[in-house]
Amino acid sequence: MAEVLRLDLLPSDPLLLIFSFLDFRDLINCSFVNRRLNELSGHNPLWKNLCSKHWLLTDSDRMQSDVPWRSLFRQYYCDLGRYIEHYAVLKAAWDQLKAFLQQRCPRMIASLKEGAKEEELDVIESQIGCKLPDDYRCSYRIHNGQKLVVPGLMGSMALSNHYRSEDLLDVETAAGGFQQRKGMRHCLPLTFCFHTGLSQYLSLEKTEGRQLSDIFYHCPDQMAQDPSAIDMFITGSSFSEWFTSYVNNVVKGEYPIIRDQIFRYVHDKQCVARTGDITVSVSTSFLPELSSVHPPHFFFTYRIRIEMCSDALPEEACQLDSRYWKITNASGNIEEVRGPGVVGEFPVMTPGKVHEYASCTTFSTTWEYMEGHYTFHRLANKEEVFHVVIPRFHMVCPPFRESVVRSGSTNDSSRLNDDDSDGDYPDDYEEGLGGINMAAAEGRHCPRHI
């Protein structure tokens, strides 16, 4: 009879190689098989890899703790084990964000709070009578939000007469704003803006048309008599997805840094046009605090950068005289707008010069796009007039849910509009060109085009 090969009789090297593919739970189970596997399962490099994978620990962390890697893993697991599925992702996001802020927005670092203790989060759950999602708890074990300061960690936006900056609330302040009123039951605020009162909320239960862990801006239905009729612009499906996607945009430079603040303009890298020596690029942002679903009123701001290349000849210097816009909405309606200058200015462009300005638009369909041109004249010859192309840029209403009051639903599921149902986008429309965040308007409006 052929001899049966016993796994524990294999040489150490192939066994350690096999062990390196095991999850920490399986590695622990192996340690109970026999003395030899127990010794091999405690091999330091195995637990070093697991400490790096799950807790992002380094050699310096182990040296400071002065314990073997297996013991260090056990220490972290005893403290943070319930968050092992979330910790590495969220800790990496926080580390990347802090490294970025240290370089680009250093004053924000001082506003971050130390992590909350496990017992403090338990007290909050008892206080509000709802369970906090594990990914939310995990992030708040790392940093308990920020102090209530300006600028806010979660991004800013500014127009000539309007300013928004959202703080990431600490859990104690958030609990103070926990909602129990009809239409917003079991919703915990995540962010807050001093200037507008705007907040993003986290749904702690599946109720009133919201899914568990939905993150949204609330948007009162201005056409309903029932104050509990609240629509929702959806910003995330879980805390982890919401936070890490924001951090990813920040550290990759998707949002511009202006005056030490993160401005939440979205820039499509294809939205750039060059005419001769002049390049025009556009970024956009949705303003939830000036928008509503009922009536449909979607407010966007766009930021335009006009740049003359540095190697242009001096005689190419020119001045902007006028603008022309062609605006097409989701219904196919076209509007044309002409006017002098840009926001009351007539910038002069010389080699290396950059001119940036922000303007805004509102529309009542779920998306629209704009394109056009500027008219310039040469400073050396006013008779030489030419057009500079403004690239087409899209503005898309973020996904929203109508309130159960309006939809007439009785089963806690409301209608979701995410602009994917009818396929009526223009041929060159691409997914992901929409704005950032969402929420309600309280009757505050801006001119159609500035």
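Does V150 count as buried, partly exposed or exposed, and what is its relative accessibility? At 39% relative accessibility, V150 counts as partly exposed, where buried means under 20% relative accessible area, exposed over 50%, and partly exposed in between (1.4 Å probe, protein chains only). The model is predicted, so that local features need pLDDT of at least 70 and side-chain atom pairs count only at pLDDT 80 or more, whereas totals for chains, interfaces and linings use all residues. Residues are numbered from 1 along each chain as its sequence is written, and side-chain values use heavy atoms, with hydrogens and water left out.

V150 is located in the loop between α10 (134–142) and β1 (156–159); helices (H or I, at least four residues) and strands (E, at least two) are DSSP runs, numbered from the N terminus. Together with L148 and F194, V150 forms a nonpolar surface patch with about 250 Å² of accessible area. Patches consist of residues with over 30% relative accessible area and no salt bridge, like charges being joined within 9 Å and nonpolar side chains (Val, Leu, Ile, Met, Phe, Trp, Tyr) within 5 Å. A salt bridge is a side-chain nitrogen of Lys or Arg within 4 Å of a carboxyl oxygen of Asp or Glu, and accessible areas come from the Shrake-Rupley method with a 1.4 Å probe, only the protein chains shown counting as cover for residues. Helix α10 is mostly covered, eight of its nine residues being buried; among them are D135, Y136, R137 and C138.

The peptide bond from V150 to P151 is cis, with omega near 10 degrees, and P151 lies in the loop between α10 and β1. A cis peptide bond also joins H294 and P295, with omega about 0 degrees; P295 is placed in the loop between β12 (278–286) and β13 (298–308). Most residues other than glycine have a negative phi, and most peptide bonds are trans. D66, although not a glycine, has a positive phi of about 60 degrees and is found in the loop between α5 (59–65) and α6 (69–80). D66 counts as exposed because its relative accessibility is 65%. R259 is likewise not a glycine and has a positive phi of about 50 degrees; this residue is in the loop between β9 (257–258) and β10 (261–262) and is exposed, with a relative accessible area of 59%.

Strand β6 (residues 200–203) is covered on both faces, with Q200 and L202 buried on one side and Y201 and S203 buried on the other. In a regular strand the side chains alternate between the two faces of the sheet. Strand β4 (residues 187–189) runs antiparallel to β6 and is joined to it by three bridges, two strands being paired if DSSP finds at least two bridges between them. P189 stands opposite Y201 in β6. Three bridges also join β6 to the antiparallel strand β7 (residues 215–220), in which Y217 is the bridge partner of Q200.

F100 lies in helix α7 (residues 87–104) and is buried, with a relative accessible area of 12%. The C-alpha atoms of F100 and V247 are separated by 9.6 Å, although these residues are 147 residues apart along the chain.
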